[in-house]
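Take a look at the model below.

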Amino acid sequence: MTRIPLFGAVGVVNTALDFVVYACLVSATSIHFALANLIAFLIAATNSYFLNSHITFRSTATERHWHRLASFFVVSSLSVLISTLALFLLAPVLGAIPAKVAAMFVVVPLGYFGSHRFVFK
């Protein structure tokens with residue numbers, strides 16, 4: 001149970017990083033929202049892996065590092081696909097930034113479940 005607050009704290013940092021990078025790219029450049037989402041997600045997911053690996057789940061077994069990294073890549077890939085699909089559905093109606101906020105309400109819980117169940121088990 002003590003992992004949930006740590007995951008939450010790391011999640012807040014990563015969600016903020018994802019959102020700030022996305023918002024900056026969408027607002028300050030002509031990058032399409034889907035590409036901005038991918039770039040922001042890759043930056044935040046990389047940060048998430050290292051912070052969750054070392055802080056939340058305190059993984060020390062180096063022989064499992066590559067397995068964890070591959071599992072994290074699969075979970076993250078599914079998350080970015082869901083997020084991007086949500087953006088394509090919601091951005092025309094809500095706008096790019098509110099759509100990103102809405103997508104995060106689905107993607108963040110899925111990220112915790114996937115990380116806890118499949119990556120850092």
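## Surface, spaces and pairs

Leu78 counts as exposed, because its relative accessibility is 51%. Here exposed means over 50% relative accessible area, buried means under 20%, and partly exposed is in between (1.4 Å probe, protein chains only). This is a predicted model, in which local features need pLDDT of at least 70, side-chain atom pairs count only at pLDDT 80 or more, and totals for chains, interfaces and linings use all residues. Residues are numbered from 1 along each chain as its sequence is written, and side-chain values use heavy atoms, with hydrogens and water left out.

Leu78 sits in helix H3. Helices are DSSP runs (H or I, at least four residues), numbered from the N terminus.

**Empty space**

Rolling a probe the size of a water molecule over the atoms shows where empty space is left. The search uses a 1 Å grid over the protein atoms alone. A cavity is a set of points where a 1.4 Å probe fits but cannot get out. A pocket is an open set with protein on both sides within 12 Å along at least five of seven lines. Lining residues have an atom within 4 Å of a point. Grid points are joined across faces, edges and corners, and a volume is the space filled by probe spheres set on the points.

The largest pocket has a volume of about 220 Å³. Which elements give two or more residues to its lining? They are helix H2 (33-56) and helix H3 (65-94). H2 supplies the largest share, seven residues. The lining has 13 residues in total, and Leu42, Ala45, Phe72, Phe73 and Ser76 lie nearest the pocket centre. Ten of the lining residues are nonpolar, three are polar and none is charged. In this count Ala, Val, Leu, Ile, Met, Phe, Trp, Tyr, Cys and Pro are nonpolar, Asp, Glu, Lys and Arg are charged, and the others, Gly among them, are polar.

How many cavities of 30 Å³ or more are there? The count is one. The largest cavity has a volume of about 350 Å³. It is lined by 24 residues, and Asn14, Phe41, Ser48, Val107 and Val108 are the closest to its centre. Helix H1 (3-28), H2, H3 and helix H4 (96-119) each give two or more residues to this lining. H4 gives the largest share, eight residues. By class, the cavity lining has twelve nonpolar, ten polar and two charged residues.

**A salt bridge**

The whole structure holds one salt bridge. The term means a side-chain nitrogen of Lys or Arg within 4 Å of a carboxyl oxygen of Asp or Glu. Asp18 and Lys100 form the bridge, at 2.9 Å from N to O. Asp18 lies in helix H1 and Lys100 in helix H4, so the pair ties together parts that are 82 residues apart in sequence. Are these two buried or exposed? Asp18 counts as buried at 7% relative accessibility. Lys100 is buried too, at 1%.

**Pairs along the chain**

| Pair | Apart in sequence | Apart in space |
|---|---|---|
| Val13 and Phe50 | 37 residues | 12 Å |
| Phe50 and Leu69 | 19 residues | 9.7 Å |

His67 is found in helix H3 and is partly exposed, with 38% relative accessible area. Val13 belongs to helix H1, and Phe50 to helix H2. Val13 counts as partly exposed at 45% relative accessibility. Phe50 is partly exposed, at 45%.
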